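Open the model in your viewer and keep the selection tool at hand. The stops below go from ring pairs to the cores.

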Amino acid sequence: MLPDADFFSFEQLLSSEEAAKLAQLRTFLAAEVTPHAVRWWNEERFPTELLPGLAGLELSTPVQRGYSPLFAGLVIAEMTRADTSIATFFMVHHDLFVEGLHAFGSAAQKERLLADAQALRITGAFALTEPDHGSDVAGGMATTAVRDGGTWILNGTKRWIGNGTFCDWMLLWAREPATGKVRGFLLDASLPGIKRSRIEHKTALRTVQNADIELTEVRVPEAERLAGIDSFEDTKHLLRGSRIMVGWQAVGQQLAAFDVARAYAVERQQFGRRLAGFQLVQEQLVRMLGNAVASTGMLARVTELEQGGYGGPGPGADGGPGGGGGTDGMARAALAKSYASRLMRETVSLGRGLLGGNGIVTDYRMAKIFADAEAIYTYEGSYEINSLITGREITGISALR
Ligand SMILES: Cc1cc2nc3c(=O)[nH]c(=O)nc-3n(C[C@H](O)[C@H](O)[C@H](O)COP(=O)(O)OP(=O)(O)OC[C@H]3O[C@@H](n4cnc5c(N)ncnc54)[C@H](O)[C@@H]3O)c2cc1C
């Protein structure tokens with residue numbers, strides 16, 4: 001029996017209840033996701049039939065259920081290890097839509113939607129990016145929200161919105177021209193004036209349904225504005241949390257590549273011996289594992305820092321004063337995401353190579369793992385943008401504007 005890819009035993013940091021829950025998730029993924037994930041990907045189909053089973057795991061917003069942030073991160077890594085698309089669906093819905101509703105929604109909005117959203121009886125999306133504003137969307141957002149008495153009128157276009165073709169609700173962001181402020185809306189996706197079209201021909205995350213969304217004179221009542229949002233700055237905490245979760249996806253992606261490459265290398269024979277018996281192949285497998293372990297270590301620590309408020313106001317991990325008051329959490333979350341996704345690119349590339357020609361057909365899983373990694377590299381702040389966020393902190397100079 002070969003050792004698991006959790007080579008430094010991070011899972012030993014979980015409580016026994018959390019370890020049991022993670023085992024339950026693994027059993028579910030092995031039965032319900034792994035055997036079908038390549039087919040869904042090839043067919044570009046999202047398996048809505050999976051939703052009751054996913055909801056039954058009761059893993060929506062785990063930290064609010066009393067689980068540790070490390071557990072929440074390992075859940076996303078484990079889902080990604082089984083299928084990046086299912087993990088992305090889960091994160092968009094739970095870590096952005098549900099967490100956003102929880103953080104910024106009014107009591108009435110939460111009363112109306114939160115329980116159904118947590119149980120996946122309704123699905124949500126997070127609509128921020130635009131065709132002409134990706135990395136610079138915070139400052140450049142062109143979608144407008146104009147107040148007209150008790151309603152807001154939305155106009156503009158959003159791009160790349162995950163779950164966007166079928167979701168029931170979206171958290172949508174638009175700028176109020178009169179004040180220049182970014183406003184958040186809880187948008188019923190069936191309102192008149194909303195046109196959603198699926199983005200076709202993707203080479204990554206083909207199971208996720210990403211949409212272009214056109215808004216033409218969409219009228220939204222003031223009661224469906226997110227009252228907890230006064231400016232885009234208010235979303236920072238939410239986006240920092242989801243950035244860390246995407247870092248955990250980069251961990252899961254590397255574990256998946258390692259799993260598939262090692263299994264292949266110990267089985268496949270060339271020159272009369274197994275691939276894993278060649279020194280060069282062992283070095284490549286060890287480099288993949290080392291990248292995954294290093295990424296896990298960084299993510300585990302930044303997850304801990306996030307929980308402790310980065311040594312800012314409030315107690316540190318030992319209940320005493322926080323260690324590094326005033327540190328920029330986003331710069332640390334950004335480093336964890338950029339670093340893990342840079343290592344991920346090397347890891348999946350080594351894995352792809354180790355499968356030879358079979359590494360470019362999805363039947364062997366590796367081609368899908370290799371392709372899906374590209375989405376992780378780009379979303380939640382591309383590698384470059386996250387590097388610049390950290391670069392600003394370590395030099396005191398912003399290269400972004
Ligand atoms: C599969 C997928 C799912 C997504 N899901 C969602 C979603 O659910 N909701 C949502 O709102 N958005 C979503 N996005 C959008 C995602 O957040 C953006 O793709 C991302 O922010 C990058 O924006 P862009 O694609 O417009 O690239 P651009 O901003 O045009 O960047 C292009 C390239 O230029 C580089 N670049 C840009 N500015 C600089 C600079 N100042 N210095 C150096 N390099 C720079 C970037 O790093 C990148 O390499 C998703 C994207 C993908 C691919």
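Select Trp152 and Phe185: both are buried. This is a predicted model. The two rings form an edge-to-face aromatic pair, 5.6 Å centre to centre, with 65° between the planes. Trp152 belongs to strand β3 (residues 151-162) and Phe185 to strand β5 (residues 182-188), so look for a link between distant parts of the chain, 33 residues apart.

Next, select Tyr377 and Tyr383. Their ring centres are 5.5 Å apart and their planes meet at 10°, so this pair is stacked. Tyr377 is buried, at 11% relative accessible area. Tyr383 is partly exposed, at 21%.

Another charge over a ring: the charged end of Arg159 sits over Trp160, 4.9 Å from the ring centre. Then pick Phe46, Phe89 and Phe166, a cluster linked by ring pairs.

**Into the cores**

Select Leu25, Val33, Leu54, Met79, Trp248, Met288 and Leu299. These have the most contacts inside the largest nonpolar core, which has 71 residues. Now show helix α8 (residues 236-267), the top contributor to this core with 14 residues. Colour domain 1 (10-118) and domain 3 (233-395): both give residues to the core, so it lies between them.

Centre on Met79. Beyond its neighbours within four places in sequence, Met79 is in contact with Leu25, Leu29, Leu54, Ala87 and Phe90. Another core lies apart, with 27 residues, including Phe97, Leu128, Val182 and Ile385.

Last, select residues 17-116, where UniProt (unreviewed entry) places "domain: Acyl-CoA dehydrogenase/oxidase N-terminal". This stretch is 74% helix and 0% strand.

Technical notes:
Residues are numbered from 1 along each chain as its sequence is written. This is a predicted model: local features need pLDDT of at least 70, side-chain atom pairs count only at pLDDT 80 or more; totals for chains, interfaces and linings use all residues. Side-chain values use heavy atoms; hydrogens and water are left out. UniProt positions are given in the numbering used here, feature names are shortened, and annotations may be inferred rather than shown by experiment. Helices (H or I, at least four residues) and strands (E, at least two) are DSSP runs, numbered from the N terminus. A nonpolar core is a set of buried Ala, Val, Leu, Ile, Met, Phe, Trp, Tyr and Cys residues joined through side-chain atoms within 4.5 Å. Buried means under 20% relative accessible area, exposed over 50%, partly exposed in between (1.4 Å probe, protein chains only). Domain bounds come from an automatic or database domain assignment. Contact means heavy atoms within 4.5 Å. Rings of Phe, Tyr and Trp (its six-membered ring) pair if their centres lie within 6.5 Å; planes under 30 degrees apart count as stacked, over 60 as edge-to-face and the rest as tilted. A charge sits over a ring if NZ of Lys or CZ of Arg is within 6 Å of the ring centre and within 35 degrees of the ring normal.
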